[in-house]
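Let's take a friendly walk through this structure, one part at a time.

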Amino acid sequence: MRLLFILGEIGGGLRRNLSMVISVVLVTFVSLTFVGAAGMLQMQINQMKGYWYDKVQVAVFLCNDGSTAVGCASGSATKEQQDNLQAMLESPAIKPYINDFQFESQAEAYTHFKEQFSNSPIVDSVSEDQLPASFRINMKNPEKYEIISETFSSQPGVETVSDQRQVLERIFSWMNGASVAAIGVAAVMIFCAVLLITTTIRLSAFSRRRETGIMRLVGASKTVIQLPFILEGVIAAVVGALLASVTLWLMAHFWLNGDLSRQFLNTPFISSTQVLVIAPVLIALGAGLAGISSLLTLRRYLKV
Amino acid sequence: MIRFENVTKVYEQNARPALDSVSLEINRGEFTFLVGASGSGKSTFLRLILKEDKASSGSVYVAGQNVANISSWRVPKLRRGIGVVFQDFRLLPQKNVFANVAFAMQVIGKSRSIIRETVPEVLKTVGLEGKERRMPHELSGGEQQRVAIARAVVNRPGILLADEPTGNLDPITSMGIMGVLDKINQNGTTVVMATHDDDIVNEMRRRVVELKNGKVIRDEAKALYTSMIPVVGESRRLRDASGEELNRAQGAQL
C-alpha cells in the first residue's frame with residue numbers, strides 16, 4: 001500500500017514538474033555523455049598501447065637522392081654504407097638490445113606505401129625513388145631507443161633514425177588531452193545538473209507543501225514524505241544516464257566500428273560491448289549525484 | 001493526557017516570551033477551550049504539543065511522555081496520536097472527500113481494505129454520508145471543516161487539537177461543527193480547542209483556559225468566555241461557573 005502510494009506520488013510529481021524534469025534529464029544526459037566519452041578515450045588509448053607497443057619499430061632511414069641531412073652530403077646511400085650499417089647491427093655492441101631487424105628496400109617501401117594509402121590520391125604523386133630505404137629494428141626493450149639513435153644517426157648514409165613509439169606517444173598525449181578536456185566539460189555540466197536538480201526538487205517540494213504539511217501532521221514517516229522527492233530526482237538522472245549510455249554505444253557501434261575502422265584499417269578500436277562497461281558507472285554516478293543533491297535540498301527546504 | 005510544567009517558549013531573544021512559565025494539566029477525555037487575544041500564546045501552546053516547536057524551558061508531557069525526549073524519527077509516532085484541525089481546513093483541492101480522508105491513512109501505510117472500511121464510518125460520524133465523491137470546492141465551509149475533522153480523527157488519535165476551527169464559519173454552521181467535536185469528545189478523545197468565538201464557549205460550558213501575554217490568567221471548569229470572577233492577582237481562588245471552588249491551581253502556584 002505504502003509502496004503504491006509512494007509510486008503514485010512520484011508519478012504525480014514528475015507530471016507536475018515535467019519541463020524541469022526534462023531539463024534535468026537532458027543536462028545529466030549531456031554531462032554523463034562527456035564523462036563516458038572521456039572513459040572511452042582512455043579505453044581506446046589502452047587498447048592502442050597494447051596493440052602498437054608490440055609492433056613498433058625503430059627505423060634507420062638511409063639517404064636517397066632528395067635527402068638534405070648532413071650525413072647525406074654524398075647523395076644516395078651506397079651499397080658499402082648499407083653493408084656497414086648491417087654489420088653494425090650484428091655487432092656485439094648492438095645485438096643484445098635488439099630482437100631482429102629487416103632491411104626495407106626502396107621498392108618494398110613503395111609497395112607498403114601504396115598499400116597503406118590505397119584510398120588516397122597521394123599515391124599517384126609519389127615515385128619509388130622518393131621513398132627512403134630503411135632498416136626496421138625490433139627492440140627488446142623499446143625504452144632503449146636512445147642507443148640506436150646515438151649509434152646510427154651520425155653514420156654516413158643515414159638520413160635519420162626515427163622511433164615510431166614517439167609518434168604514438170604524441171597521438172596518445174593528444175588523446176589524453178582530449179579526455180581531460182571532456183572531463184572538464186563534464187565537470188561543468190555535472191555542476192549544472194546538480195544545481196538544476198536542487199532547483200527542481202525545491203520547486204517540487206514547494207508545489208506540494210500542502211500535501212507534505214498534512215503528511216507531517218498525521219504522522220507520516222520521514223521516508224514516506226521525502227522518498228518521492230528523492231526518487232523523482234534519481235529517476236530523471238537515471239533516464240539521463242541511460243540516454244548517455246545509448247549514445248555512447250551508438251557512437252562506438254556506428255562510428256568507431258563503422259566509418260573509422262574502415263578508414264583506419266590497422267587501428268584497433270574498442271568494441272561497442274566494451275562501452276557497456278561504462279554504462280553501469282554512468283547510471284550509478286547519475287543516481288548518486290541526484291540522490292545526494294535531492295537529500296541535501298530536502299533537508300533545507302522540506303521540514304519533517 | 002497533556003501536561004505543561006513551567007513551560008516557557010521564547011521565539012526571539014529579548015522579545016516577550018510567547019508562553020511564560022505555563023503549568024497546566026488536561027486530563028484524558030476532557031474538552032478544553034483555550035481563549036485569549038491574538039498573540040496570547042494559544043497557537044504556541046498547540047505547536048508545543050505537536051513538537052513543532054521546542055520549549056525554551058520546562059517540560060511538555062503528552063500521553064505521559066516528555067516530548068523533549070522523543071527522538072526526531074519517533075516524532076511521527078507522537079503525531080499519529082494527535083489529530084489537528086485548522087481554521088482554513090487545509091484540504092487537498094484535487095482530491096475528493098473520500099481521498100482527502102483516506103490520504104491520512106495511506107501515508108501511514110494502512111491497508112486498502114481498512115481504509116475502505118474506516119473512511120465511510122468516519123464520514124458518517126461527521127455527518128457527510130453520501131458526499132464521498134464530492135470535491136472540496138463543491139462543499140460549503142462547514143462541510144469542508146467536517147472533512148478536515150474526519151481526516152484528523154480517522155486514525156483514532158487520543159487527542160484532537162483544533163485551532164479556531166469555526167473562525168471562518170457562520171454561527172449556525174459553527175454550532176454544527178461543535179456538535180461534531182462534542183461527539184468525538186464523547187467517544188473518549190481529549191479535545192483542546194483554541195477559539196475567539198464567545199457564543200460557542202458560552203453555549204458549551206466546558207473548561208476554559210484563558211491566556212494573556214503568554215500566561216494563564218484563568219482556568220475554570222464549565223466556564224464562560226469572559227471571567228465571572230474578578231481577577232485579584234496571584235492569591236485569587238479558581239471557581240467554576242457554579243461557584244464551586246476548584247482544586248486546580250494556577251500554573252505559577254504549582
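Which residues in α6(A) meet residues in α8(A)? Keep in mind as you look that this is a predicted model. On the α6(A) side you will find I197(A), T200(A), I201(A), S204(A) and A205(A). Facing them in α8(A) are F229(A), E232(A), G233(A) and A237(A). Sorted by class, this contact holds five nonpolar, three polar and one charged residues.

Two packed helices are described by the angle between their axes and the distance between the axes. Helix α6 of chain A covers residues 164-207, and it packs against α8(A) at an angle of about 140°, with the axes 10 Å apart. Angles over 145 degrees would count as roughly antiparallel, so α6(A) and α8(A) are oblique to each other. Their crossing is right-handed.

Next, turn to the sheet in chain A. Strands of a sheet pair through backbone hydrogen bonds, either parallel or antiparallel. Here four strands form an open sheet in the order β2-β3-β1-β4, and the pairing is antiparallel. Why do β2(A) and β4(A) each have one side without a neighbour in the sheet? Because β2 (98-104) and β4 (158-163) stand at the edges, each has a single partner strand. From one strand to the next, the twist averages 15°.

Zoom in on one pair of strands. Strand β1 of chain A, residues 58-62, is joined by four bridges to strand β3 of chain A, residues 134-139, and the two run antiparallel. One residue to look for is V60(A), whose bridge partner in β3(A) is F135(A). The sheet also has a helix lying across some of its strands: α5(A), residues 145-152, lies across β1, β3 and β4 of chain A. Relative to β4(A), helix α5(A) runs at about 175°.

Finally, let's see how chain A meets chain B. Here 15 residues of chain A are in contact with 18 residues of chain B. On the chain A side, the elements that give two or more residues are α1 (2-16), α7 (209-217) and α8 (222-263). The largest share, six residues, comes from α7(A). By class, this side of chain A has eight nonpolar, three polar and four charged residues.

Chain B itself has seven helices and 10 strands. Of its 254 residues, 42% count as buried. Among contacts in chain B with a separation of 6 or more, 64% are between residues 24 or more positions apart.

Methods. Residues numbered from 1 in each chain as written. Chains lettered and ligands numbered in written order. Predicted model: local features only at pLDDT ≥ 70, side-chain atom pairs only at ≥ 80, totals over all residues. Contact = placed C-beta atoms within 7 Å. Nonpolar A, V, L, I, M, F, W, Y, C, P; charged D, E, K, R; others polar. Pairing = 2+ DSSP bridges. Axes fitted to C-alpha atoms, helices over the stretch in contact; angles between N-to-C directions. Parallel < 35°, antiparallel > 145°, perpendicular 65-115°, else oblique. Left-handed = near helix turned anticlockwise from the far one by under 90°. Buried ≥ 20, exposed ≤ 12 C-beta atoms within 10 Å, placed from the backbone.
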